[in-house]
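Subject: Structure handover

Hello,

Here is the structure for you to look at. Please open it first, then read my notes below.

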Amino acid sequence: MKKKVKSVDEYIHSFPIDIQNKLEKIRQTTKIAPPNSKEVISYQIPAFKLNGMLVWYAAFKNHIGFYPTARAIEIFKKELKKYETSKGTIKFPNDNKIPLTLISKITKYRVKENIKNISD
């Protein structure tokens, strides 16, 4: 098991450069979608919070995991057809380009969902 990381930078820099680049692209894309969100480490992986948790992401041997909640995966299921998904997980293979536009759309959806939930 990896040692506990204290920051997103530390997490990202613990991987090979090609994976670091992919993680950094996800980080920047996700950060732009909700500009007033807070970047955190949650469950020992990078995440963003705004009125609750928005999304998480993590690197693995063969893929990058993106965790936007089960509801978001259901909403975007047509756009996610070419990726392996499960209840709360999307897997982007390491040998493919990361779909940053899709990640941005999903993150923006999660922002709206979190804002709606606090106003209900």
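**The sheet and its helix**

An open sheet is built from 6 strands, in the order β1-β2-β3-β4-β6-β5, with antiparallel pairing. Strands here are DSSP E runs of at least two residues, helices are H or I runs of at least four, and both are numbered from the N terminus. Two strands pair if DSSP finds at least two bridges between them. The edge strands, β1 (38-42) and β5 (84-85), each pair on one side only. Between β4 and β6 there are 4 bridges, in the antiparallel sense.

This is a predicted model: local features need pLDDT of at least 70 and side-chain atom pairs pLDDT 80 or more, while totals for chains, interfaces and linings use all residues. Residues are numbered from 1 along each chain as its sequence is written, and side-chain values use heavy atoms, without hydrogens and water.

Helix α2 (residues 17-32) lies across β1, β2 (45-49), β3 (53-59), β4 and β6. It runs at about 170° to β3 (angles go from 0 to 180 degrees between N-to-C directions, with axes as lines fitted to C-alpha atoms, for helices over the stretch in contact; contact means heavy atoms within 4.5 Å).

**Aromatic pairs**

There are 5 aromatic pairs. Rings of Phe, Tyr and Trp (its six-membered ring) pair if their centres lie within 6.5 Å; planes under 30 degrees apart are stacked, over 60 edge-to-face, the rest tilted. Tyrosine 11 and phenylalanine 15 make a tilted pair, 5.1 Å centre to centre with 55° between the planes. Phenylalanine 66 and phenylalanine 92 are also tilted, at 6.4 Å and 40°. That pair links distant parts of the chain: phenylalanine 66 is in β4 (residues 63-67) and phenylalanine 92 in β6 (residues 90-93), 26 residues apart. Both are buried (under 20% relative accessible area; exposed is over 50%, partly exposed in between; 1.4 Å probe, protein chains only). Ring pairs join Phe66, Tyr83 and Phe92 in a cluster.

**Salt bridges**

The count is 7 salt bridges (a Lys or Arg side-chain nitrogen within 4 Å of an Asp or Glu carboxyl oxygen). Arginine 27 meets glutamate 24 at 3.2 Å, N to O. Those two are about one helical turn apart because they sit 3 residues apart in helix α2. Arginine 27 also meets glutamate 39, at 2.6 Å. This second bridge links helix α2 to strand β1. Arginine 27 has 8% relative accessibility, so it counts as buried. Asp9, Glu24, Arg27 and Glu39 are linked in a salt-bridge network.

Best wishes
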